[in-house]
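Please read them with the model open.

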Number of protein chains: 2
Amino acid sequence: MVVASQSLEELCINSVRFLAIDAVEKANSGHPGLPMGAAPMCFVLWDQFLRFNPKNPDWVNRDRFVLSAGHGSMLQYALLYLTGYDSVTIEDIQQFRQWGSRTPGHPENFETKGVEVTTGPLGQGICNAVGLAMAEAHLAAKFNRPDCTLIDHYTYALMGDGCNMEGVSGEACSLAGHLGLGKLIALYDDNHISIDGDTTVSFTEDVGMRYRAYGWHVIEVPNGDTDLGAIAQAITEAKSVTDKPTLIKIRTTIGYGSPNRSGTAGIHGAALGAAEIAATRENLGWSHEPFVVPADALAHWRKAIDRGAEAESTWEQIWQIYKDKYPAEAVEFDRQINYRLPEGWEKCLPTYTPEDKPVATRKTSEITLNAIAEAVPELIGGSADLTHSNLTYLKCSTDFQKGTYAGRNLRFGVREHAMGAICNGIALHNTGLIPFDATFLVFADYMRAAIRLSALSQCQVIHVLTHDSVALGEDGPTHQPVETIPSLRAIPGLLVFRPADGNETSGAYKVAIERRKESSVMAMSRQNLPQLAGSSIEAVAKGAYIAIDCGCDTPDLILLATGSEVSLCVDAAKELGDKKVRVVSMPCRELFEEQDEAYRSSILPKGVKRLVVEAASSFGWGKYIGDEGDMISVDCFGASAPGGTIMKEFGFTVENVVAKAKKLMA
Amino acid sequence: MVVASQSLEELCINSVRFLAIDAVEKANSGHPGLPMGAAPMCFVLWDQFLRFNPKNPDWVNRDRFVLSAGHGSMLQYALLYLTGYDSVTIEDIQQFRQWGSRTPGHPENFETKGVEVTTGPLGQGICNAVGLAMAEAHLAAKFNRPDCTLIDHYTYALMGDGCNMEGVSGEACSLAGHLGLGKLIALYDDNHISIDGDTTVSFTEDVGMRYRAYGWHVIEVPNGDTDLGAIAQAITEAKSVTDKPTLIKIRTTIGYGSPNRSGTAGIHGAALGAAEIAATRENLGWSHEPFVVPADALAHWRKAIDRGAEAESTWEQIWQIYKDKYPAEAVEFDRQINYRLPEGWEKCLPTYTPEDKPVATRKTSEITLNAIAEAVPELIGGSADLTHSNLTYLKCSTDFQKGTYAGRNLRFGVREHAMGAICNGIALHNTGLIPFDATFLVFADYMRAAIRLSALSQCQVIHVLTHDSVALGEDGPTHQPVETIPSLRAIPGLLVFRPADGNETSGAYKVAIERRKESSVMAMSRQNLPQLAGSSIEAVAKGAYIAIDCGCDTPDLILLATGSEVSLCVDAAKELGDKKVRVVSMPCRELFEEQDEAYRSSILPKGVKRLVVEAASSFGWGKYIGDEGDMISVDCFGASAPGGTIMKEFGFTVENVVAKAKKLMA
């Protein structure tokens with residue numbers, strides 16, 4: 001096919017294709033196939049439907065676009081450049097996948113304005129999109145008034161076969177169908193190719209039927225390569241269906257335009273090479289130099305700037321009216337979306353004295369969460385079907401369900417992985433919402449890919465993970481975390497809290513709420529724990545503190561513990577009354593490691609032997625144990641028995657702590 | 001409802017219910033609801049269909065039964081006891097969930113004979129069942145002859161709403177439909193209740209329609225509480241459908257028989273208590289003491305013993321004929337299912353000299369895997385749609401597809417989590433198959449719950465995880481493992497290999513193949529690595545060895561490295577020629593830690609400073625760094641750029657190793 005003359009639409013579409021081809025070629029790395037195949041649907045979407053302001057990527061009521069098939073990042077960078085975002089210049093595109101560039105291999109929200117969420121790990125983006133749509137529905141239900149619609153935008157996601165094969169997308173889309181998220185529209189780039197070749201090798205299910213089973217509206221576009229009218233019609237239809245999310249299954253050709261490699265896996269993830277690029281230029285009638293977009297195409301794309309300015313200006317008028325009519329709500333809206341916490345919110349945090357009765361930290365977590373929920377209305381979340389075990393129900397609110405989106409209790413079902421990814425999406429709606437999720441700590445493994453992305457994409461999610469050790473008892477090793485806490489501590493940037501009592505619980509939540517670009521894990525006990533004498537909210541902020549001291553700067557031994565083992569060490573220290581023993585509680589290693597050397601050595605002076613006590617794997621404690629220290633840990637899988645029996649069998653007794661301590665001091 | 005007199009069927013079914021009620025009550029812990037509701041379907045299945053020999057739980061051609069809803073463990077223990085397995089006595093049931101018992105909180109294959117796989121983490125069991133069915137199909141295709149059917153059994157799984165909400169089940173069932181696994185039959189205990197209450201709070205999709213979309217045959221049984229005939233008819237129909245797996249959606253009442261708590265979440269996971277047990281006894285007309293099964297019910301159930309003996313005896317006759325007619329195949333079958341590796345198989349392992357060209361360990365992995373595949377016909381596996389990146393295709397075999405089940409190349413699609421769980425199932429078919437799976441190392445996070453279960457359930461799975469560090473380059477931080485290797489090392493019992501070259505690759509696979517009850521991770525480089533002078537297959541078996549020594553027992557410094565950083569340290573040691581520097585390669589920490597103190601201190605003598613070099617998080621290295629050492633590591637997320645640039649920017653250069661080494665020796 002030689003195209004003699006091209007329509008403006010074709011020019012616009014081919015501009016996307018060749019930016020992708022040229023950038024991947026220059027980097028000699030990347031994925032040209034998806035941008036080439038999905039350029040038509042994105043042209044239609046971004047040109048006719050997507051409401052955004054390139055000059056203000058943060059405009060609160062913009063439509064959200066998620067490239068769930070994140071390997072096609074050049075598609076997104078091309079769209080951002082063409083529509084006039086300042087974040088992606090032609091130079092940035094020429095620096096695709098280079099050190100320090102704003103155009104990394106996969107889209108990263110923290111690197112490139114206009115990229116809403118970080119994608120690449122397949123299936124995550126569509127789940128983020130479900131979260132974005134939930135955030136929109138929630139804010140709309142909360143702030144809109146019959147005569148004043150403040151929040152009213154769509155969330156679009158582009159997904160490929162990979163996204164649809166990943167189970168996490170099924171979890172999220174089942175939930176999206178259940179919730180009837182009518183403003184969620186997924187474009188499925190149905191190109192029949194994955195990395196291993198034709199999808200017939202492993203993926204022959206009826207995807208449309210599956211989505212109908214989830215309660216979605218499904219539209220098919222048989223020719224997504226050239227039938228722009230059908231794509232536009234489908235999106236229009238999707239927008240008209242207000243009570244269901246819509247999947248638009250668009251049949252495309254991967255690498256469209258490449259005469260020898262289109263429709264094959266060979267064009268998915270490798271540069272085309274000079275010869276095939278030449279053939280593709282010939283085939284698509286493209287005579288422009290690399291990285292050159294014809295002026296009329298660029299001019300057309302850049303109409304997005306005026307369109308965007310007008311859209312935001314129209315919204316600004318609504319916002320003015322809203323402020324006049326609903327001043328209190330407007331103040332609240334403004335506060336929340338600008339990430340200002342309610343003044344004095346932290347006064348809600350409960351405190352405890354040793355006279356207060358022993359309770360599980362999952363229970364103090366419940367008390368704290370509920371207190372915060374009243375003081376901080378942007379807190380929203382729930383559990384993966386363990387609400388009454390994780391103790392995460394917000395009593396001041398109601399369920400978030402179809403038609404009751406103002407509710408702040410999310411019901412995720414048994415879908416841990418989607419839960420994590422949805423919470424990332426809620427956080428990255430960037431309107432101040434603070435999502436939390438919850439399950440048993442051991443099932444962090446199910447959602448680990450999402451937890452990693454919480455940390456990587458600098459979004460604030462609180463992961464409430466209860467039943468935090470073998471002490472949970474009878475459920476046995478499948479349910480008992482052993483290596484889970486260490487494995488979470490290993491994730492860069494994630495704050496892992498393991499509070500020892502009520503005060504530490506409050507302190508942990510205080511940090512988690514105040515750090516607006518960090519994710520936290522709350523590892524909470526199933527079993528009751530006493531309220532400690534030395535604990536406080538403030539102490540947690542420094543990560544570790546002296547719970548009991550021996551009245552001297554250089555103790556003979558430090559008992560270093562976290563969570564449920566702190567009170568055990570306090571009891572052991574009493575038994576060791578004649579020795580100079582210090583007990584250090586370390587509710588958050590990451591915070592401790594942020595402190596200056598002076599603080600750190602005031603808590604853990606060099607040269608003093610340490611006995612670390614944590615009911616988890618010793619993996620990762622070496623740097624604190626040191627060459628001369630020891631640890632009481634669990635370095636095998638757990639067992640099924642009452643929790644007290646297990647703790648005893650694994651050596652978490654005063655006697656054993658005392659014995660090990662004495663041995664170290666001998 | 002007061003039942004005046006009970007049929008034998010009712011007695012048998014109520015025996016299951018009350019064993020569950022009584023055991024949970026005695027333990028004051030456990031899940032009575034599922035056993036009470038699913039007892040009828042299990043009675044029909046185990047009494048009329050399931051082919052097994054209680055007195056030989058290892059009979060190779062038994063039907064496999066998987067309790068995917070593992071929390072209902074008392075259902076399985078009751079069935080094992082009632083049908084006459086020696087592994088579960090009435091005393092064992094009375095010890096439900098107690099320390100050291102054979103009846104732990106969730107079914108564990110390594111604790112209780114008759115339990116095929118370890119379940120509890122939801123969704124895993126049905127994926128294991130897909131793996132079991134794949135193993136059956138493979139062995140049947142490989143060993144059966146037109147006149148002699150050696151392997152011919154069904155795989156049944158019982159799943160609940162939780163299993164169906166988990167995305168991992170969707171992944172596996174989509175693949176099962178694609179593969180047309182006709183002998184896989186899933187019983188869906190559709191009781192409309194999950195822990196948070198009625199499934200209407202989060203799970204309203206049309207499950208049957210979804211399975212039809214996957215290519216399954218779907219049958220509905222509207223009354224699974226009492227319509228035993230309909231259940232039997234459905235199973236009969238399912239068996240008659242030979243080209244598709246079948247889902248039987250059976251509507252039941254959770255906690256059937258409990259007058260006040262049946263049909264509610266309240267009976268899911270808690271003891272009934274004396275009053276409600278009394279009411280349930282009254283309601284179901286059950287007058288027997290706790291843990292007492294009426295003689296006629298027990299006698300009926302125990303007919304399974306004769307039935308099983310007969311079934312196995314019939315099979316033994318076939319086996320005799322097979323041995324006569326196909327002696328070579330019989331020898332091979334016998335060898336494989338008895339876990340004897342082919343004699344001298346290890347001779348296939350390639351070796352290298354420093355003159356051999358540098359290649360990536362993913363490439364030496366490919367060479368090794370292919371060599372092993374020829375020598376060890378029980379090796380079977382594949383990748384999650386990254387076959388040509390992971391380099392895992394077995395050239396001596398063909399694809400495992402519908403109708404070509406003899407093929408040993410598994411095509412998992414982009415379904416990492418199901419892949420891991422399916423491999424667990426293949427391994428736990430206990431017929432000697434050695435499954436491997438493959439993806440990028442960073443996506444171990446997607447399948448972590450399955451990897452954990454590989455290790456916990458003592459099954460041999462080889463996880464081939466390539467692109468093992470930030471050196472993979474341009475794909476950027478979403479694709480770059482940093483904390484992944486440490487987080488895998490934290491899992492008890494898992495062998496984590498990071499070979500430095502071809503010899504170490506062969507050595508790693510040698511251990512992985514020979515350890516028949518352990519799972520291994522192979523962390524393999526994307527980039528080329530030189531063949532080292534000091535490496536060998538044998539050296540890997542001890543976990544760490546001296547790659548280059550300084551000709552003395554007490555070096556000034558040890559450079560301790562793994563994988564791609566070993567050759568870097570070798571180069572640095574050359575630069576440090578005037579110093580006494582030893583380079584230690586540690587391809588597997590777990591193996592090193594198995595060695596005796598003498599060996600360990602011969603490699604890493606106490607008192608010698610160490611510089612650890614690994615392109616991953618330092619988390620977990622503290623015990624080897626020691627109080628005086630240092631490390632070159634990656635303690636943040638990676639970046640998108642060419643791999644060489646990244647390694648340089650992160651300090652993985654000879655210059656930096658030399659500088660840090662000199663500083664330590666200063």
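Contact here means heavy atoms within 4.5 Å. Keep in mind that this is a predicted model.

1. Start with the pair inside chain A. The crossing of α2(A) and α11(A) is left-handed. On the α2(A) side, the contact uses A:F43, A:W46 and A:D47. On the α11(A) side, A:H300, A:W301 and A:R307 meet them. By class, that contact has three nonpolar, one polar and two charged residues.

2. Next, the pair across chains. Helix α7 (residues 167-179) of chain A packs against helix α7 (residues 167-179) of chain B, with axes 7 Å apart. The angle is about 120°. Angles of 65 to 115 degrees count as roughly perpendicular and those over 145 as roughly antiparallel; α7(A) and α7(B) are therefore oblique to each other. The crossing is right-handed. A:G167, A:V168 and A:E171 touch B:G167, B:V168 and B:E171 there. The class count is two nonpolar, two polar and two charged residues.

3. Then A:H467. Buried means under 20% relative accessible area. A:H467 has 6% relative accessibility, so it counts as buried.

4. Last, the surroundings of A:H467. Its side chain makes a polar contact with the side chain of A:T466, at 2.8 Å. Leaving out residues up to four places away in sequence, A:H467 touches A:R362, A:S389, A:F440, A:L441, A:L472, A:P481, A:M524, A:S525 and A:R526.

Technical notes. Residues are numbered from 1 along each chain as its sequence is written. Chains are lettered from A and ligands numbered from 1 in the order in which they are written. This is a predicted model: local features need pLDDT of at least 70, side-chain atom pairs count only at pLDDT 80 or more; totals for chains, interfaces and linings use all residues. Side-chain values use heavy atoms; hydrogens and water are left out. Axes are lines fitted to C-alpha atoms, for helices over the stretch in contact, and angles run from 0 to 180 degrees between N-to-C directions. Helices (H or I, at least four residues) and strands (E, at least two) are DSSP runs, numbered from the N terminus. Angles under 35 degrees count as roughly parallel, over 145 as roughly antiparallel, 65 to 115 as roughly perpendicular and the rest as oblique. A crossing is left-handed if the near helix is turned anticlockwise from the far one by less than a right angle, and right-handed if clockwise. Ala, Val, Leu, Ile, Met, Phe, Trp, Tyr, Cys and Pro count as nonpolar, Asp, Glu, Lys and Arg as charged, and the others, Gly among them, as polar. Buried means under 20% relative accessible area, exposed over 50%, partly exposed in between (1.4 Å probe, protein chains only). A polar contact is a pair of N or O atoms within 3.5 Å; within protein, one must be able to donate a hydrogen and the other to accept it, and residues adjacent in sequence count only if both atoms are side-chain atoms.
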